[in-house]
Amino acid sequence: MTRLTEDLVQDQLRKVKFPGYSRDIISFGLLKEIKIDASDLLVRLSVATNNPSVPEALKRDSEAVLRSIPGVKSIKVVIDITNPPETSAGLQSAATTISGVKHVIAVASGKGGVGKSTVSANLASAMQQLGTSTGLCDCDIYGPSISLMFGAMHERPMATSDNVIIPIERYGIKFISMGSLLDDATPAILRGPMVTRATQQFLRQVDWSGLDCLILDLPPGTGDIQLTVVQTVALSGAIIVTTPQEVALIDARKAGSMFEKVNVPVLGIIENMSYFISPSDSKRYDIFGSGGGAREAARLRVPLLGEVPIDIKLRESGDKGCPIVFDEPNNPASKAFLKIADQLRKNL
Ligand code: ADP
């Protein structure tokens with residue numbers, strides 16, 4: 001018969017994910033105590049949250065995995081709940097503000113390729129154009145696009161003698177991106193802890209002072225980097241980018257509920273690639289369907305911040321390193337971004 005040991009119990013608990021995240025509760029440090037008395041087991045977890053569904057899910061999922069250990073007679077899972085501070089909750093309880101930055105906004109998506117970086121770059125540009133001094137932190141460590149979108153692929157950021165990184169600046173926007181630190185063909189081959197460190201360095205070791213707003217371009221999904229971000233900085237809110245079709249919306253929903261679970265307000269949804277106006281006949285084509293973003297916004301009870309059309313110029317401006325908001329301010333996509341930025345400024 002398998003002997004009941006602490007290692008065995010920990011291995012089982014490693015299968016339990018923090019609600020809404022892909023990271024397990026052991027690596028997140030929730031386990032406080034394991035007590036084994038012959039075939040009786042007591043496990044104590046501690047979590048900082050004011051969302052009652054979190055401890056419920058942790059208890060249910062932990063009991064389920066522990067029950068599958070052969071020979072265990074009784075299982076007791078105790079969850080100690082600590083109250084997070086008023087301004088932030090759950091995982092955000094240890095997060096702090098970034099010195100010299102008034103608001104930090106995360107731009108997230110469920111799926112890759114929906115235009116999250118394009119939206120981040122142009123939203124930052126539109127905010128800056130409207131007079132809100134804005135920076136951009138590319139937290140997509142494995143798939144960075146921001147340095148390309150600002151035409152700074154080969155510009156390395158400088159550091160001061162006491163290791164403070166000076167962000168790169170284009171069009172008045174300060175930004176940092178892994179794309180500036182690697183060669184074009186070099187992939188970011190990093191293990192989990194190194195990615196966590198890189199993310200923390202981008203947030204903590206860069207001189208972001210003097211900003212009204214810092215936009216974080218998160219990688220797609222709900223993984224380690226998102227978790228590091230919510231643990232490291234107090235967020236004013238999150239914006240979810242999606243395209244209108246169902247496959248993208250399903251994942252956008254997951255991204256939205258991840259922020260809900262850690263009590264970060266979702267400021268709204270931006271629907272990208274909403275429609276295409278044909279240059280030949282000015283007819284509108286809903287290539288990916290229509291109304292998906294609005295339906296999702298209604299479901300989450302958050303505003304639909306805007307609908308950005310599919311536009312060849314938008315793609316071209318991203319590739320050539322000049323956000324369309326600066327390149328062609330009268331383009332319909334630029335107007336959509338400026339409208340979103342205006343709303344966002346008012347909300348903040
Ligand atoms: P993500 O960050 O979600 O992976 P990107 O912002 O990198 O997506 O966009 C993926 C590709 O789609 C890029 O080439 C970008 O220029 C293009 N793209 C994004 N949004 C639009 C749009 N509304 N119209 C045309 N091309 C777009």
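1. A polar contact here means a pair of N or O atoms within 3.5 Å. With that in mind, have a look at Asn272 in this predicted model: one of its polar side-chain atoms sits 2.9 Å from a nitrogen atom of the ligand, so the pair falls inside the 3.5 Å cut-off.

2. Gly113 places a polar backbone atom 2.8 Å from an oxygen atom of the ligand. For Gly115, a backbone N or O atom is 2.9 Å away from a ligand oxygen atom. As for cover, the ligand taken alone exposes 560 Å², and the protein buries 79% of that area.

3. Where does the ligand sit? The space it takes is the largest pocket. Around the ligand you will find 15 residues, and the closest are Gly113, Lys116, Ser117, Thr118 and Pro309.

4. Helix 3 gives the most, with 3 residues.

5. Now to the charged pairs. Side chains of opposite charge can pair when their charged atoms come close. The count for this model comes to 19 salt bridges. One of them joins the side chains of Arg44 and Asp80, with an N to O distance of 3.3 Å. This pair links distant parts of the chain: Arg44 belongs to strand 2 (residues 40–48) and Asp80 to strand 3 (residues 74–82), and the two residues are 36 residues apart.

Notes: Residues numbered from 1 in each chain as written. Predicted model: local features only at pLDDT ≥ 70, side-chain atom pairs only at ≥ 80, totals over all residues. Heavy atoms only, no water. Near = heavy atom within 4 Å. Polar contact = N/O pair within 3.5 Å; in protein donor to acceptor, adjacent residues only side chain to side chain. Areas by Shrake-Rupley, 256 points an atom, 1.4 Å probe, with all protein chains shown as cover. 1 Å grid on protein atoms, 1.4 Å probe; cavity = no way out; pocket = protein on both sides within 12 Å on 5 of 7 lines; lining within 4 Å. Sits in = over half its atoms within 2 Å of the grid points. Helix = DSSP H or I, 4+ residues; strand = E, 2+ residues; numbered from the N terminus. Salt bridge = Lys/Arg side-chain N within 4 Å of Asp/Glu carboxyl O.
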